[in-house]
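Colleague: Could you walk me through how to read charges and salt bridges in a model like this one? I would like the general idea and then the case at hand.

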Amino acid sequence: MHAVVRHYSGQGASQLFGEIEAQLNGVEEAIRSVPGVVTYTLLRTDNGGISITVCQDKSGADESVRVAAEFISKNCTAQANPPVVSEGATILHINP
């Protein structure tokens, strides 16, 4: 499995997450369209938010980054810094 974490912070990130939160059904639909998604989590931070995607492979994780960027560009008006993206092979994934 492969995971990708996108950390949105800085000016405008909080407003961006407000807009994303108001459109959760659309976000879910967009992410579910990505082949191989295992889990997806959005969490709000003090100054923006983080998304965590776990996919079956790197190609799915790459596609999730593309789909997320496309969703934001089409559906959100808030301007924020590009997210800091971290990714890698999943060492341990527990799904109780």
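**Charges and salt bridges**

Modeller: Let us start with the charges: the protein has 6 positive and 10 negative ones, and their mean positions are 2 Å apart. Lys and Arg count as positive, Asp and Glu as negative, with His and the chain ends not counted. The place of a charge is NZ of Lys, CZ of Arg, CG of Asp or CD of Glu. The model is predicted: local features need pLDDT of at least 70 and side-chain atom pairs 80 or more, while totals for chains, interfaces and linings use all residues. Residues are numbered from 1 along each chain as its sequence is written, and side-chain values use heavy atoms, leaving out hydrogens and water.

Colleague: How many salt bridges are there?

Modeller: Side chains of opposite charge can pair when their charged atoms come close. Here a salt bridge is a side-chain nitrogen of Lys or Arg within 4 Å of a carboxyl oxygen of Asp or Glu, and the count is seven.

Colleague: Where do Arg32 and Glu28 lie?

Modeller: Both belong to helix 2 (residues 24-32), four residues apart, about one turn of the helix. Helices are DSSP runs of H or I with at least four residues, strands are runs of E with at least two, and both are numbered from the N terminus. The side chains of Arg32 and Glu28 form a salt bridge at 2.7 Å, N to O.

Colleague: Is Arg32 buried or exposed?

Modeller: Buried means under 20% relative accessible area, exposed over 50%, and partly exposed in between, with a 1.4 Å probe and protein chains only. Arg32 counts as exposed because its relative accessibility is 65%; Glu28, at 39%, counts as partly exposed.

Colleague: Which residues are linked in a network of salt bridges?

Modeller: Glu63, Arg66, Glu70 and Lys74 are. Arg66 and Glu63 sit three residues apart in helix 3 (residues 58-75), and their side chains meet at 2.7 Å, N to O. Lys74 and Glu70 also pair, at 3.4 Å, N to O. Those two are about one helical turn apart, because four residues separate them in helix 3.

Colleague: And how accessible are the network's members?

Modeller: Lys74 is exposed, at 62%. Arg66 is partly exposed at 42%, as are Glu70 at 33% and Glu63 at 27%.

Colleague: What is the order of the elements?

Modeller: From the N terminus on, they run β-α-α-β-β-α-β, which gives three helices and four strands.
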